[in-house]
Amino acid sequence: SPVAASPYGYGAPPPAYPPPQPNYGAPQPNYGAPPAPPAPVNPEFMYGSGAGPQFGGGAAPPPPNPYAAAVHASRATLQGSAGVFTVAAGTELRAGRDSAQCGILLNEPRVSGVHATVKIEGGQLLVRDENSNNGTTVNGNRIPPGIWAPVPNGSLLRFGPIEFSVRLE
């Protein structure tokens, strides 16, 4: 089969590239415009500025810790895809599939009949896993069965696959 001839001739190199232009890559003139001023900085957002929230000086208070337990919680709200449940101080509430025993009814096959128990004691929410098959976790940490474990404000509490966010009030 015939080979197509190059427009430069068979086997001939292409013509040389054009020579570089003078001032190629040199900085472009400013055309007399003054440089843009730097953006103003709010001292409240400067790291280590020492400006308090009212700019009166002194250190700004630290942000609230969402995992710190409320000092005197009288109730806890558990909110998740399975619903919203309230735990009042002085009561124990069981979570699980057994409607005769559980105030937090979870209709999910991977949740045990009586999966866990929650209560408020000393102003703090506590949870105890009732030897469930798929476990109870607080912020991703599985708690051992039969032991009361604290559930700090802002935590994610999970009974098997069912997850709740916790708010202490």
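In the predicted model described here, Gln79 has Ser165 in S11 as its bridge partner. The two strands concerned, strand S1 (residues 75–80) and strand S11 (residues 162–168), pair in the antiparallel sense over five bridges, where pairing requires that DSSP finds at least two bridges between two strands. Because this is a predicted model, local features were considered at pLDDT of at least 70 and side-chain atom pairs at pLDDT 80 or more, whereas totals for chains, interfaces and linings use all residues. Residues are numbered from 1 along each chain as its sequence is written, and side-chain values use heavy atoms, with hydrogens and water left out.

The secondary structure of the protein comprises zero helices and eleven strands, these being DSSP runs numbered from the N terminus (helices: H or I, at least four residues; strands: E, at least two). Of the 169 residues in the protein, 27% are buried, a class defined by a relative accessible area under 20%, with exposed meaning over 50% and partly exposed lying in between (1.4 Å probe, protein chains only). Among the contacts with a separation of 6 or more, 39% involve residues 24 or more positions apart, a contact being heavy atoms within 4.5 Å.

Six strands form an open antiparallel sheet in the order S2-S1-S11-S10-S7-S8. Strand S2 (83–88) and strand S8 (141–142) stand at its edges, each with a single partner strand, so one side of each is left without a neighbour in the sheet. Within the sheet, S7 and S10 run antiparallel and are joined by three bridges, with Thr137 opposite Arg158 in S10. S10 and S11 are likewise paired in the antiparallel sense, over four bridges, and here Leu157 stands opposite Phe164 in S11. The hairpin of S10 and S11 has two residues between the strands, and Gly160 in this hairpin takes a positive phi near 60°.

Beyond its neighbours within four places in sequence, Leu157 is in contact with residues including Leu78, Val118, Val127 and Phe164.

Ser155, in the loop between strand S9 (149–150) and strand S10 (156–159), is buried, with a relative accessible area of 0%. The side chain of Ser155 makes a polar contact of 3.2 Å with that of Asn139 and reaches the backbone oxygen of Pro152 at 2.6 Å. A polar contact is here a pair of N or O atoms within 3.5 Å; within protein, one must be able to donate a hydrogen and the other to accept it, and residues adjacent in sequence count only if both atoms are side-chain atoms. Asn133, by contrast, lies in the loop between strand S6 (124–129) and strand S7 (136–138) and is exposed, with a relative accessible area of 66%. Not counting residues up to four places away in sequence, Asn133 touches Ser112 and Arg142.

Side chains of opposite charge can pair when their charged atoms come close. A search of the whole structure finds six salt bridges, each defined as a side-chain nitrogen of Lys or Arg within 4 Å of a carboxyl oxygen of Asp or Glu. In one of them, Glu169 is joined to Arg75, with the closest N and O atoms 2.6 Å apart. Glu169 lies in the segment after S11 and Arg75 in strand S1, so this pair ties together parts that are 94 residues apart in sequence. A further salt bridge links the side chains of Glu108 and Arg110 (2.7 Å, N to O); Glu108 is buried, at a relative accessible area of 14%, whereas Arg110 is partly exposed, at 48%. Arg158 forms a salt bridge with Glu163, the closest N and O atoms being 2.9 Å apart. Salt bridges that share partners also join Arg75, Arg167 and Glu169 into one network.
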